[in-house]
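Visitor: Hi, could you walk me through this one? I'd like to talk about whatever stands out.
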Amino acid sequence: EFCQMCIQGVWDSDSPLLQIPHLSVDRTKLLPGCESISDFMDLDHSDKLTLLKGLSTKAIGEVASFANNYPSDLEVALQSGSELTCQSTDSLTISVVLSLDRNEDDTNASNSLQFKPARFPENKEISWWVLVGNPIDRTILAIKRVSLPTKTFTRQVELDFSAPESTHDSSLSLKVYVLCDSFLGCDQELDFSLLVHGNSSIEEQ
C-alpha cells in the first residue's frame, strides 16, 4: 500500500477516486453513489459528464488515459485448487495465473503496462506482488513480484513454501493476495485450505 500511495500521491484513507487526474474532493461529492474506480468506469455517459463538467479537452483525455490503464480487468485463478492436502513440513507449490483481458480489437484498452502517473515524476510499469499468507497470525509464507508480458498479458506464478511442523492433523485457512504496486483499490484475494497430516515421530523425539 505504501508503494501505491507513493505512485498515486494519495493516502489509503482517501477516496480511491482521487487517483483520477483532475478529480478533487469536491468533484467526488457530485455523485454520492460513485465510490471506487470501478464505479466511475461503470457510470453512464451523462453521469460522467456531470463529474467532469468544466474540465478541458486535454484534462478529459488524461482522465480517459487513466481509466484505460487501470487494471480492473485483471483475472486471477488458483491453478493448484482451493483444497490442498500435505504432510507436516512438506514442500508445497501454489500455482497462480494472472491475466489481463486486453483485447487487441478494443481501442479503449491500453496495449502497454507503462503509464505516466499524475503525481509521480517518472513513467511506471504496472506490476504485482503475489503472496501466500495466513490471515490468522498475519504471516507471509511466500512472496514474488511479477509483471505481465505485453504480448499475452498472462503469467503463471509459482509460490513455494513449507507446510508447518505438526504432530497432529490440522486445517489452515490461507489466502493468496495479489497486490498491485501502482494503483489503490484493485487488489484481490483468493481463499484456499490446507489440510496438514501430523507427524507423530516429531512428538516422540
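This is a predicted model: local features need pLDDT of at least 70, side-chain atom pairs count only at pLDDT 80 or more; totals for chains, interfaces and linings use all residues.
Guide: Happy to. One term to start: buried means under 20% relative accessible area and exposed over 50%, with partly exposed in between (1.4 Å probe, protein chains only). Residues are numbered from 1 along each chain as its sequence is written, and side-chain values use heavy atoms, with hydrogens and water left out.

Visitor: Thanks. How many disulfides are there?
Guide: The count is 0 disulfides, taking a disulfide as a pair of cysteine sulfur atoms within 2.5 Å. For Cys180, the nearest cysteine sulfur is that of Cys186, 4.1 Å away, and Cys180 is in no disulfide.

Visitor: And Cys86, buried or exposed?
Guide: Cys86 is buried, with a relative accessible area of 5%.

Visitor: Switching to sheets: what is the strand order in the open sheet of 5 strands?
Guide: The order is 2-10-9-6-7, with mixed pairing. Strands here are DSSP runs (E, at least two residues), as are helices (H or I, at least four), and both are numbered from the N terminus. Two strands pair if DSSP finds at least two bridges between them.

Visitor: Which are the edge strands?
Guide: Strand 2 (83-87) and strand 7, each of which pairs on one side only. On average, neighbouring strands of this sheet are turned by 25 degrees against each other, direction ignored. The axes behind that angle are lines fitted to C-alpha atoms, for helices over the stretch in contact, and angles run from 0 to 180 degrees between N-to-C directions.

Visitor: How many bridges join strand 6 to strand 9?
Guide: There are 6, and the two strands run antiparallel. Gly133 stands opposite Lys175 in strand 9.

Visitor: Which element gives the largest share of its lining?
Guide: Strand 6, with 3 residues. The lining residues include Gly133, Arg138, Tyr177 and Asp187.

Visitor: And the second largest pocket, what's around it?
Guide: It is lined by 12 residues, with Phe40, Lys48, Leu52, Ala64 and Ala67 nearest its centre. The volume of the second largest pocket is about 270 Å³. Helix 5 gives the most to this lining, 5 residues, and helix 3 (37-42) and helix 4 (45-52) are also among the elements that each supply at least two.

Visitor: Last topic, the backbone. What is the phi of Arg138?
Guide: Near 60 degrees, a positive value in a residue other than glycine. Arg138 lies in the loop between strand 6 and strand 7 and is exposed, with a relative accessible area of 74%.

Visitor: And where is Thr89?
Guide: Thr89 is in the loop between strand 2 and strand 3 (91-100). Thr89 also has a positive phi, about 65 degrees, although it is not a glycine, and it is partly exposed at 41% relative accessible area.

Key:
On a 1 Å grid over the protein atoms alone, a cavity is a set of points where a 1.4 Å probe fits but cannot get out, and a pocket is an open set with protein on both sides within 12 Å along at least five of seven lines; lining residues have an atom within 4 Å of a point. Grid points are joined across faces, edges and corners, and a volume is the space filled by probe spheres set on the points.
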